Amino acid sequence: MIAFFAAALIIILGFLGEEFFKRTSIPEAIFLLLFGVLLGPIFHLFAEDALLAITPYFAALALIIILFDGGLNMDIREAVKNSPRALVLAISGWMLNVLVTTAFCKFVLGWRLLNGLLLGSIVGGGSSIIVIALIKKLKATEKIETVLSLESILTDVLCTVGAFTAIDILLSGEVSLGAALGSVGVAFGVGILVGLGFGVAWLIIMEKLKGKPNAYMLTLAVLFLAFVVATNLGGNGALSALFFGLIIGNSRHTAKLMKFRTTVSIDDNVRDFHCQISFLIRSFFFVFTGLLFSLSALASVFLGLFLSFAFLGIRFVVVKMATVKSELHEAETLMTIMFPRGLAAAVLASLPLTMLGPSYQVFPEIAFIVILTTIMICTIGVAFLKKRTSRSPLTYT
Amino acid sequence: MLDLTLALTFILAAVILLIGFLADTLFRKTGFPDVLFLLVLGIIFGPVLGIISKNDLAPVTPYLIELSLMMILFYGGMEMDLSKVLRQSGRATLLAVTYFVFVTVVVSSVAKFLFNIAWIQALMFGPMIAGTSSIVIIPLSKKLKISEETSLTLSLESTITDSLNIVFFFAILGLYLSGSLSLLSFAENIVAQFGVGILVGFAVGVVWVWVLHKIRNEPYTYISTLAILILTVMCSELLGGSGVLAALAMGLVIGNYKEVSSLVRIKIASAKFEELREILTRFQSELAFLIRTFFFVFLGLIYDISFNSVTFGLLVGLIFLGLNLGLRYIAVRLSTVRCPMCKDTTIMTLLCGQGLAHATLSVIPQQYGIPNAQIYPVIVVTMIILTNAVTTFGSFIVLRKKKNSRFQYTEA
């Protein structure tokens with residue numbers, strides 16, 4: 001029953017946190033995360049083994065639901081228009097983060113070059129789930145929301161492919177840059193295509209099912225299938241969920257473009273119910289991230305803190321460069337602080353330990369410090385910006 | 001590439017939801033019970049193909065049961081119009097109670113001698129076998145062009161028995177766990193559990209109606225209501241009361257907010273709250289669909305398909321079905337004496353489909369390590385299949401006979 005009790009408390013905390021955010025501009029994410037740390041590493045109310053066993057399932061579910069939510073609320077024209085800028089932001093930011101981490105680990109800590117590269121790949125990119133969840137609360141312009149959402153999803157892909165490539169090299173000793181680039185291309189292409197294909201097909205079917213009860217649960221079933229198909233064809237599941245949502249949320253534009261008739265846009269019932277489920281998953285996600293927090297060496301704390309602030313500095317430079325001569329220039333502070341790491345980094349950080357051996361115990365610990373610090377910087381920054389916005393509402397709608 | 005187990009989990013979830021939706025659509029169109037499809041799907045995934053084993057499900061079973069019970073009772077409470085139950089449909093209450101008592105007494109006695117088990121274990125069969133399921137009966141009674149009074153009586157009867165079964169079962173279970181067999185302690189136990197449960201559910205319900213009214217424009221009212229429901233159940237259990245009854249009482253307060261708010265003298269803007277109540281009910285039905293679909297598949301997964309088990313289930317199931325139909329006929333006759341509904345006794349008897357509440361109760365004894373607990377799901381699953389078959393085929397036969405009279409089957 002403790003799980004039920006915790007679930008009820010998380011929902012109430014999330015609900016009260018929303019209210020608290022409206023009044024103080026401090027996002028509830030930080031309270032939920034700390035609540036997780038309290039339940040897990042401090043009071044040990046949940047067995048670590050059981051948590052680790054369900055982590056991949058929960059991470060995948062959160063990814064699906066939250067990215068579908070992101071797509072559902074995204075304007076398809078903005079997405080197409082802003083994807084090149086998001087791509088530049090994602091690739092340059094991630095690569096610089098990896099380079100700095102690798103250099104620091106190699107020259108200051110004396111690690112192997114590949115280990116630095118692996119750590120950099122894991123913690124080098126922001127979490128799409130957290131960025132999309134937080135940006136929604138800020139009511140930023142459509143353009144900023146789209147660029148940041150797309151960028152965070154792209155870095156998710158880069159982190160995953162980068163980490164697996166580094167592990168492969170460490171295991172086999174062979175370096176294959178071509179294969180890595182190929183994986184990135186396939187991940188993007190297949191993920192987008194599957195999302196689009198399932199989305200269009202589902203729109204056509206939904207037209208026939210119009211008015212039937214339980215439409216939300218059925219949409220969820222198709223979303224799960226899209227995710228699995230995309231991932232098993234070598235694509236990125238997150239992208240398929242996002243594009244599936246994008247098509248469903250922009251049904252009229254899609255129908256016009258594909259030349260078929262549709263009278264269904266996702267109805268209010270489905271949208272409202274999804275809103276409740278999305279809130280639930282979001283709240284649980286932050287607590288879950290806190291639950292997994294672990295620490296045994298103080299050196300991990302210092303390295304994690306150093307990396308977090310280094311990433312903040314790098315992001316400041318990259319955002320400045322990417323927003324030159326653009327209306328986004330005015331939102332560069334907001335764009336800079338939107339760099340929190342999340343569960344994806346935690347999951348990836350646990351891989352070297354299981355695949356490469358016990359000497360990689362320090363990876364999850366560093367990753368958790370980076371996750372905690374970047375989320376804290378982000379939430380404090382959001383609160384600060386929200387207060388400033390009320391004085392000059394230039395950047396936000 | 002996604003981990004194989006992970007991919008399989010998501011595929012299975014998607015397939016179950018898709019088949020659940022198709023089966024539900026078929027049920028709404030033709031009256032053919034979706035329960036059968038879901039049970040068969042579970043049997044195929046579990047005992048036949050071995051994709052999911054019983055042991056894989058053991059850690060989630062208690063949560064699924066608890067959630068399912070909370071949902072049935074809370075939803076049942078929200079949908080139950082107390083004034084209608086108490087004033088207009090005394091006959092529905094009479095039918096529900098007499099049918100429940102008859103079946104509990106007779107089936108328990110038969111089970112006692114048939115299986116040579118303790119009385120208290122035999123008594124547990126009563127709530128698992130008695131009563132009808134609101135999920136099966138309500139849509140079906142609306143589809144059949146029977147008189148409004150009959151349709152309302154059957155719907156109310158099923159809503160009442162859903163709750164009655166669960167509450168009574170937990171009273172028996174409480175008695176079993178306390179180890180005392182004296183009638184006095186049984187009565188004391190029931191009064192204490194019921195009293196605390198009702199009180200906690202009512203109190204939280206009243207406060208939550210007031211809070212809901214205040215936060216009605218906030219976006220996450222439904223999810224928050226679920227959180228409060230969970231806390232109410234836990235709070236009641238911690239205070240020694242019945243958790244399930246607290247859930248029922250809380251649902252009743254929210255469903256009957258007009259009467260309750262005037263009773264406790266709080267001001268509620270009816271039109272605005274009604275809108276919110278409808279939203280809660282709509283979301284609840286989506287979640288209820290999810291839980292129901294997964295629960296029946298789950299029941300199929302843990303079903304033992306060995307020849308001995310199936311034969312045993314079928315034999316006992318047929319005996320219990322015969323007893324059930326006979327006793328239901330008597331209960332229907334008794335509760336329709338001197339009223340126009342007495343013409344509908346056949347269809348009222350045949351609409352006896354069982355469902356989620358029965359299924360949920362059947363797996364609880366195993367959770368508490370009660371001896372011979374494995375026989376409950378075997379018999380109850382068979383009974384669910386048989387009663388649903390009777391409901392479907394019975395109504396078809398009646399419809400064919402009265403094709404040109406007032407019984408007609410219509411598209412909803």
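Colleague: How many residues does the contact take from chain A and from chain B?

Modeller: This is a predicted model. Two residues count as touching if their C-beta atoms lie within 7 Å. Here the contact takes 34 residues from chain A and 33 residues from chain B.

Colleague: Which helices of chain A each supply at least two residues of the side that touches chain B?

Modeller: They are α1 (2-24), α3 (48-72), α9 and α12 (268-291) of chain A. The most comes from α9(A), with 11 residues. By class, the side of chain A that touches chain B has 26 nonpolar, 7 polar and 1 charged.

Colleague: Now a helix within chain A. Which residues of α8(A) are buried?

Modeller: A residue is buried if 20 or more other C-beta atoms lie within 10 Å of its own. In α8(A) the buried residues include S183(A), V190(A), F198(A), W202(A) and M206(A). Among the elements covering the buried residues are α7 (142-172), α9 (215-232), α10 (237-249) and α11 (251-258) of chain A. Helix α8 of chain A spans residues 177-209 and reaches 47 Å from its first C-alpha to its last, close to the expected 48 Å.

Colleague: In chain B, at what angle do helix α2 and helix α15 pack?

Modeller: Angles under 35 degrees count as roughly parallel, and 65 to 115 as roughly perpendicular. Helix α2 (residues 34-48) and helix α15 (residues 270-301) of chain B pack at about 45 degrees, with axes 6 Å apart. Therefore α2(B) and α15(B) are oblique to each other. Their crossing is right-handed. The contact of α2(B) with α15(B) has 12 nonpolar, 4 polar and no charged residues.

Methods: Residues are numbered from 1 along each chain as its sequence is written. Chains are lettered from A and ligands numbered from 1 in the order in which they are written. This is a predicted model: local features need pLDDT of at least 70, side-chain atom pairs count only at pLDDT 80 or more; totals for chains, interfaces and linings use all residues. Helices (H or I, at least four residues) and strands (E, at least two) are DSSP runs, numbered from the N terminus. The expected span of a helix is 1.5 Å times one less than its number of residues. A residue is buried if 20 or more other C-beta atoms lie within 10 Å of its own, exposed if 12 or fewer, and partly exposed in between; C-beta atoms are placed from the backbone. Ala, Val, Leu, Ile, Met, Phe, Trp, Tyr, Cys and Pro count as nonpolar, Asp, Glu, Lys and Arg as charged, and the others, Gly among them, as polar. Axes are lines fitted to C-alpha atoms, for helices over the stretch in contact, and angles run from 0 to 180 degrees between N-to-C directions. Angles under 35 degrees count as roughly parallel, over 145 as roughly antiparallel, 65 to 115 as roughly perpendicular and the rest as oblique. A crossing is left-handed if the near helix is turned anticlockwise from the far one by less than a right angle, and right-handed if clockwise.
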